[in-house]
Amino acid sequence: MRRDWLIAIREEKKVSQKYVSEQVGIAQPSYFNIEAGKRSPSVPVAKKIAAVLGFDWTQFYEEAGAGEDSA
């Protein structure tokens with residue numbers, strides 16, 4: 001599932017995938033796969049991406065439970 005919210009935040013900041021990946025310290029294709037929903041970031045990487053783009057890092061993990069009944 002593509003992370004449209006992540007793409008929107010990055011585009012709003014007017015930065016490239018390459019810029020974010022360089023700031024975070026991961027390869028650009030790895031960052032692309034995170035945006036594409038093909039892989040989930042580790043907690044340290046999620047925190048770094050969130051710090052670069054200015055959002056709460058837990059948003060990566062909240063999406064995983066979306067639509068699931070926790071009762």
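Colleague: Is Glu-22 buried, partly exposed or exposed?

Modeller: Glu-22 is partly exposed, with a relative accessible area of 49%. Buried means under 20% relative accessible area, exposed over 50%, and partly exposed in between, with a 1.4 Å probe and protein chains only. This is a predicted model, where local features need pLDDT of at least 70, side-chain atom pairs count only at pLDDT 80 or more, and totals for chains, interfaces and linings use all residues. Residues are numbered from 1 along each chain as its sequence is written, and side-chain values use heavy atoms, with hydrogens and water left out.

Colleague: Which side chain does Glu-22 meet in a salt bridge?

Modeller: That of Lys-18, at 2.7 Å from N to O. A salt bridge here is a side-chain nitrogen of Lys or Arg within 4 Å of a carboxyl oxygen of Asp or Glu. Glu-22 and Lys-18 are four residues apart in helix α2, so about one helical turn separates them. Helices (H or I, at least four residues) are DSSP runs, numbered from the N terminus.

Colleague: How many salt bridges does the structure hold?

Modeller: Three. Another of them joins Arg-10 and Glu-35, with 2.5 Å from N to O. Arg-10 lies in helix α1 and Glu-35 in helix α3, so this pair ties together parts that are 25 residues apart in sequence.

Colleague: Are those two buried or exposed?

Modeller: Arg-10 is buried, with a relative accessible area of 10%. Glu-35 is buried as well, at 3%.

Colleague: And what does Asp-4 form a salt bridge with?

Modeller: Arg-2, the closest N and O atoms being 2.6 Å apart. Asp-4 is partly exposed, with a relative accessible area of 42%, while Arg-2 counts as exposed at 53%.

Colleague: Back to α2. Which of its residues are buried?

Modeller: Helix α2 covers residues 17-24, and its buried residues are Gln-17, Val-20, Ser-21 and Val-24. Seen down the axis of α2, they fall within an arc of 95°, so they line one face of the helix. The arc is that of the directions from the helix axis to the C-beta atoms.

Colleague: Why would residues three or four places apart point the same way?

Modeller: Because an α-helix has 3.6 residues a turn.

Colleague: What covers the buried residues of α2?

Modeller: The cover includes α1 (4-12), α3 (28-36) and α4 (43-53). Contact means heavy atoms within 4.5 Å. Taking Val-20 as an example, and not counting residues up to four places away in sequence, Val-20 touches Arg-10, Val-15, Tyr-31, Val-52 and Leu-53.

Colleague: What about α1, which residues are buried there?

Modeller: Leu-6, Ile-7 and Arg-10. Down the axis of α1 these fall within an arc of 100°, so they too line one face of their helix. They pack against α2, α3, α4 and α5 (59-62).

Colleague: Which residues just after these helices have a positive phi?

Modeller: After α1 there is Lys-14, with a positive phi near 60°. Just after α2, Gly-25 takes a positive phi of about 90°.

Colleague: How many residues are in the largest nonpolar core?

Modeller: The largest nonpolar core has 12 residues, among them Leu-6, Val-20, Ile-34, Ile-49 and Phe-60. The α2, α3 and α4 helices each give two or more residues to this core, and α4 gives the most, with five. A nonpolar core is a set of buried Ala, Val, Leu, Ile, Met, Phe, Trp, Tyr and Cys residues joined through side-chain atoms within 4.5 Å.

Colleague: New topic: how many aromatic pairs?

Modeller: The count comes to four. Rings of Phe, Tyr and Trp (its six-membered ring) pair if their centres lie within 6.5 Å; planes under 30 degrees apart count as stacked, over 60 as edge-to-face and the rest as tilted. Trp-5 and Phe-55 have ring centres 5.3 Å apart and planes at 80°, so that pair is edge-to-face. Trp-5 is in helix α1 and Phe-55 in the loop between α4 and α5, 50 residues apart. Phe-55 is buried, with a relative accessible area of 13%.

Colleague: Which residue lies over the face of Trp-57?

Modeller: Lys-47, at 4.9 Å from the ring centre. The rule is that NZ of Lys or CZ of Arg is within 6 Å of the ring centre and within 35 degrees of the ring normal. Trp-57 is partly exposed, with a relative accessible area of 28%.
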